[in-house]
Amino acid sequence: MNIVLRELRAHMKSLIIWSIAQIFIILAGMMKYVGFSSSGVDLKTMLEGYPEGMMKAFGMNRVDLTTVEGFYTVFFLYFMLLAAIHAVMLGAVIISKEERDHSADFIYSRPVKRSKVVFSKMTVGVINIIVFNIVTLVTSVVMIAQNNDGNGLLPEVSLLMLALFFIQLFFLTLGVLLGAVMKTTKAATSTATGIVLGTFFLSIASDLSDKVEFLKYITPFKAYQASDVVLDHTMNVVSTIILVGLSIVFAYVANQRFYKRDLSV
Amino acid sequence: MKIIEINQLTKYYGKHRGIEGVSFSVEEGEIFGFIGPNGAGKSTTIRTLLSLIYPTSGSATIFGKDCIQFGDEIRKDIGYLPSEVFYYENMKVIDVLKYSASFYENVDMSRIEKLSKAMDLDLNKKIEDLSYGNKKKVGIVQGLLHEPKLIILDEPTSGLDPLMQQKFFDLILEENKKGATILFSSHILSEVQKLCTRVAIIKEGKIVKVENINEMRNNTYKRIIIESASEGISAKFNFEGITNLTSTEDGIQFLYKGNINEIIKVLYTLELKNIIIEEPTLEEIFMHYYLKEA
């Protein structure tokens with residue numbers, strides 16, 4: 001418990017900063033919508049001129065951009081990207097920072113098992129991503145409500161946030177695994193962000209060409225289609241099972257590998 | 001009862017040697033010195049005892065229990081001061097100490113005040129604002145706070161001024177009187193000399209010798225300085241038992257271990273200006289061990 005409280009306090013500041021960043025992105029996105037919808041441009045005609053691949057890449061093939069929910073699902077991609085980077089960085093840092101800050105000799109010479117320290121840190125990670133998730137939810141609902149006659153689409157957005165949570169959990173545990181295995185915090189965080197951006201571009205590539213459509217199976221950003229969740233109220237069960245399963249495997253392996261690790265001074 | 005027992009402990013970092021076949025044991029209530037130059041393997045040994053790193057082969061027990069298998073249990077009764085102290089930078093001293101205390105049962109919190117006062121440590125400062133010496137003090141207080149049965153100190157005095165060193169030694173001796181066993185690693189011999197009863201000397205990852213510190217100094221070696229106008233005296237002292245022989249402006253000096261009468265016989269043949277026979281400092285003995293092994 002003492003480790004959990006200590007880590008919560010240590011990560012408070014960064015959580016606040018990340019949350020503010022997310023609020024700004026949602027704010028900016030929805031402001032674009034306001035501009036869009038009030039400009040009076042015939043969007044449909046305009047968009048018909050764009051190539052289909054590009055429309056797909058931005059998830060605009062299915063949804064109606066002139067409606068607020070349509071617009072939101074397109075922008076959700078970027079909210080998801082930020083959430084993923086936050087989660088993976090948090091995971092990588094929280095486990096490896098003791099060695100970076102030379103406090104490993106302190107914490108791991110206390111009478112606790114290493115696995116307990118790792119578990120406490122993961123708990124703090126999960127609490128952090130839940131807070132980030134709730135911030136995203138509240139901001140989204142408030143912003144949607146403002147442009148949708150007071151209807152914030154709470155049930156739809158909540159379901160979307162549940163999907164987002166599984167993606168966050170996946171990236172958090174991936175970060176923890178990298179932090180546990182890699183030599184330094186720097187190596188862990190740069191690999192982690194590399195993987196996030198890599199899989200993000202894979203998800204875009206899978207939309208651009210049918211030849212590489214299979215790529216969508218190896219990127220968590222394609223685990224859920226925001227438009228499906230919001231419009232059809234369905235969440236891909238197979239994706240959920242895979243994401244949760246992988247999260248458990250990552251957490252387990254991270255703990256095993258960290259237990260055997262020679263801590264550096 | 002043996003508090004620490006190390007058995008053929010070997011640690012390689014990849015291909016790099018950490019320690020090789022280290023064996024020694026520390027008895028209950030002892031202040032045991034662990035001495036060697038930087039990079040000899042002192043920290044490697046200590047960090048293996050705390051299972052911060054894992055041995056390549058060999059084993060160690062503390063309080064009779066395997067130090068890896070029962071690591072968390074053993075560490076309840078260990079106070080450890082790492083050689084490199086860098087706690088959580090943006091925490092206050094008092095918060096670090098409270099955090100440290102929160103890991104142990106039944107900690108007498110008044111000891112925070114008492115120990116900090118003894119070490120002249122400001123509890124309300126942030127760690128990042130502390131000098132190296134003051135960080136070291138935080139390390140010392142944190143190590144002694146929970147009244148551990150075994151205190152492991154890795155280069156504890158670096159960064160402390162002589163006055164603080166003395167206060168620190170007093171604290172250590174006080175804990176020792178209450179029954180704590182102490183493993184004290186250092187590369188400075190004079191401080192080991194002051195405190196320890198026995199000492200293990202480590203060099204290039206191997207234990208060169210484990211010896212009682214008094215025997216090591218008193219009963220084995222004499223330092224002899226001879227001032228003489230006679231020519232070629234160093235040649236006359238070319239026999240067994242003499243080491244570290246050097247010529248000075250006025251004569252020669254050397255370390256001697258053996259029958260003192262042999263020396264007197266030679267001295268008798270010389271025209272002496274002055275002669276000094278004294279206890280060598282540990283440094284000299286230490287250098288001697290090193291040269292011998294080289």
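Student: Which residue stands opposite B:Ser25 in β2(B)?
Tutor: In this predicted model, the residue facing B:Ser25 of β2(B) is B:Glu5.

Student: And how do strand β1 of chain B and β2(B) pair?
Tutor: Strand β1, which covers residues 2-13 of chain B, pairs with β2(B) in the antiparallel sense, and the pairing extends over 8 bridges.

Student: What's the strand order in the open sheet?
Tutor: The order in chain B is β2-β1-β4-β5, an open sheet of 4 strands with antiparallel pairing.

Student: Why is one side of β2 and of β5 in chain B without a neighbour in the sheet?
Tutor: Both β2 (16-27) and β5 (65-66) of chain B stand at the edges and have a single partner strand each, so one side of each remains without a neighbour in the sheet.

Student: Which strands does helix α1 of chain B lie across?
Tutor: Helix α1, residues 42-49 of chain B, lies across β1, β2 and β4 (57-62) of that chain, and runs at about 115° to β1(B).

Student: Switching to the interface, how much area is buried between chain A and chain B?
Tutor: About 2,500 Å² is buried between chain A and chain B, with carbon and sulfur atoms giving 54% of that area. Of the area that chain A buries against chain B, 28% is supplied by A:Arg6, A:Phe106 and A:Pro111, more than by any other three residues.

Student: How many salt bridges cross it?
Tutor: The rule finds 3 salt bridges across the interface of chain A and chain B; one of them joins A:Asp262 to B:Lys11, where the closest N and O atoms are 2.4 Å apart.

Conventions
Residues are numbered from 1 along each chain as its sequence is written. Chains are lettered from A and ligands numbered from 1 in the order in which they are written. This is a predicted model: local features need pLDDT of at least 70, side-chain atom pairs count only at pLDDT 80 or more; totals for chains, interfaces and linings use all residues. Side-chain values use heavy atoms; hydrogens and water are left out. Two strands pair if DSSP finds at least two bridges between them. Helices (H or I, at least four residues) and strands (E, at least two) are DSSP runs, numbered from the N terminus. Contact means heavy atoms within 4.5 Å. Axes are lines fitted to C-alpha atoms, for helices over the stretch in contact, and angles run from 0 to 180 degrees between N-to-C directions. Buried area is the accessible area (1.4 Å probe) that two parts lose on being put together, summed over both. A salt bridge is a side-chain nitrogen of Lys or Arg within 4 Å of a carboxyl oxygen of Asp or Glu.
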